[in-house]
Amino acid sequence: MKPSLRLFFLLFFLICSQSEDLFAQKASHFIEDIDIVSDTTVSSLSVHGIHDKRRRGEVTLPFYFEDIEQVFEVRVYLKHEDQITDLKLIHANDFKVIEEPLAVGDNVYRFKLQFVETNKNAKPSFVFNLWTIDGQEVTYEQKLLPYTNTIVEIADKKPDVERELYIGEEKEYEILSNREENLRVDNIWHEQADLSWRLFQRENKIFISVLPKFVKSFSTEIVFETLIPNLIEGRKRYETMPLELKFNVKAPRLTYLATDKNEIVYEGAQSNEEGIELQIQQNRKLQLEKTYRIENQEEKGGHLVAELFTKRNMSNNKTLCLIRVYDYHNLQDGYLYIKDGDDAKFITNFNIISKNIIESIQLLRPGRNWTGDLSVYPGETVSLKFQGKQMQHARYLFEGLSNRNIDSVNTRMEVQTMQISVPLNINQKELKIYNGDEYTGHSIKIKEKQSPKNFDFVTIDCGNGPKIVSQIEKPIFYPKAITDVILKFNTDEIDGLQLYGKQYITLDVRVIGPQGQLIELARDDNIVICPGETSPRHFNYEKNNCSDPLITLNKYLGIKTHRFEDWTKLEIYISHQKDKYSEQIYTKKIEIYASRKSQFDIDLSFPAGLLVKKANEDDISSGISGISISAIAQFKFFKPGTIGRVRPYRFGVGSIALNAFNLSDNEDIDRDLGIVALGSVHPLQRPGRKLSLPLYIGFGYFLKADTFFWMVGPGISVSF
């Protein structure tokens, strides 16, 4: 690359960087400090702000929260406050405004708000609009960093105890935390040098499950991931403080024998008449044609859960057995011990569940009543109620769904209730319901969200730039030729933290002439706008009927917009299709006028009683004229903000035939033809009036007298 070209690019980069810094400086020129105040803490931008080295000049304001529903007071301190007339907070999905900004001092604005799901919204921000005394609008954005102090500990609160583990055995410990909702519970195995561990949730409690790798004694530190960071020494860390644990890992006491079934359905005493076939892992110490007891504890005197009869060895390294079940068991309740008499020989584990009968399933949304409509939306959390028989031992699972919370308080023989959360990005059309490994024949339907969204995602442009449809509150006056009217649907703004789904829209267009006459009607009731690629459901929406998000009105009109007469009105009605929604729909009316600042026409008038003064005469020798005739090419001017209302004055040039209608033979009659520039005042103006009584004033040049003149007087005017 040539040195001159390198220098050019370097200068260009420096200019762009400097422009960016100046823009940021302009926005922050009026902000001195920002405080976020809670009941216990105050976070100040000037004291606690975190500077981002990657983005020059950007400072993030961290603030501590204790509760998701917490209300904060925010104080904005201005500098150069004498240059600021007002400050407004732009509403966003990140928070709910409790009190709008209010000036509480010469340089202080205060407002209150409540953040929405603080533990899930990791990057909120404030956006302010400030108005200066010279009428400029300045936008300021303040990045925020919510953080909390997430602490974890073992439920038995014995951190120094050396816990006993056995190779091959998985052990669970309950975890307590002051911010359980902030822990990232992913149920995924994490590997460390001496053990594997996973964090999971069961019955609204959080557990850590550990599986040792080697026979040894060791100490370890386990760190859990968080959704919202902890702020430690001024640095954000998306993890808890280490949980210190001590373990003593011993050799396995008993051999674990895996079975080919993870679920066995217990239907009562009648199911034991023939027994249930089961394949278990072969072991040389497992004797054939022998009955073993299966109990829930290693020690003698355990509760009898089942009996296992070994039949024969198979070629797949399994032993075929018959099992007779006497009670229920859950994997999470611990191991099952295979005993010869009272002596434990092996361990195993599987679920023993009941044969339950589902008579009905009902669904509950917050603030609604129970319903039999089993349709849910992505991202929704709902409660389910199963009614039938033997519900207390049923273990309902949902295909493709891992997060469910069972309400153990409301679980009885006839009823089991639970809460499920449907992921936003779920790809299935239904969630099949299983009882263990057995399909129940029931399912939950996944239904795409279909709610009408306010028209803040639609812009309209008639030539003076796009305007957001929902913010248009008054008619639009466009003084030039309207080449076309463009409706643009910004598809990326439909779905966000809240889903709305496809937007089914009807478009009505009416063209109304200057005199109020209806010229043309057009309608399109088949507009379907699909959410864009930023939507978490974008790839799940059916797109076979999606419309082009850019619509030109001229494609609907026979008389194109650029052919509109002056003051033609274009009425545009945008509304949601009522039959597509169960909620209140939105309707918006937009009026666009082909307005004009002025208008050119020909005015034929009959001035009478004009007072004429010629330049070559010392006095007004011409006196008052008789009836004359004038033809004036003139401009009339319209009142701003009104529809076709003209101002009372006009200006133009033309000709005047002085005393043209005085047919007397008197030689003193001063007849002449003049070139004139006239101004006129037309009182009592009304739309459509052709005849008026104006007052004229002007000057000109008489061709016969060969002299300049000026004149003033009334007349009769006819417009064409």
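Predicted model: local features only at pLDDT ≥ 70, side-chain atom pairs only at ≥ 80, totals over all residues.

A: Happy to! Leaving aside residues up to four places away in sequence, Leu-507 touches Leu-487, Ala-522, Arg-523, Asp-524, Ile-527, Ile-551, Leu-553, Tyr-556, Ile-572, Tyr-573 and Ile-574.

The largest nonpolar core has 33 residues, and Leu-507, Leu-570, Ile-572 and Ile-592 are the ones that touch the most other members. So what is a nonpolar core? Its members are buried residues such as Leu, Ile and Val, joined through side-chain atoms within 4.5 Å.

Which strands build this core? At least two residues each come from strand S38 (458-461), strand S40 (476-478), strand S41 (486-489), strand S42 (503-512), strand S43 (518-529), strand S45 (569-576) and strand S46 (587-594). The biggest giver is S42, with four residues.

Apart from this core lies another one, of 29 residues, including Val-59, Leu-61, Val-76 and Leu-130.

While you are exploring, have a look at some strand pairing too. Strand S5 (residues 71-78) runs antiparallel to strand S1 (residues 31-37), and six bridges join them. Here Asp-35 stands opposite Arg-75 in S5. S5 also pairs with strand S8 (residues 108-115), again in the antiparallel sense, over seven bridges. On that side, Tyr-77 has Val-108 in S8 as its bridge partner.

Terms used: Residues numbered from 1 in each chain as written. Heavy atoms only, no water. Buried < 20%, exposed > 50% of the residue type's maximum accessible area, 1.4 Å probe, protein only. Contact = heavy atoms within 4.5 Å. Pairing = 2+ DSSP bridges.
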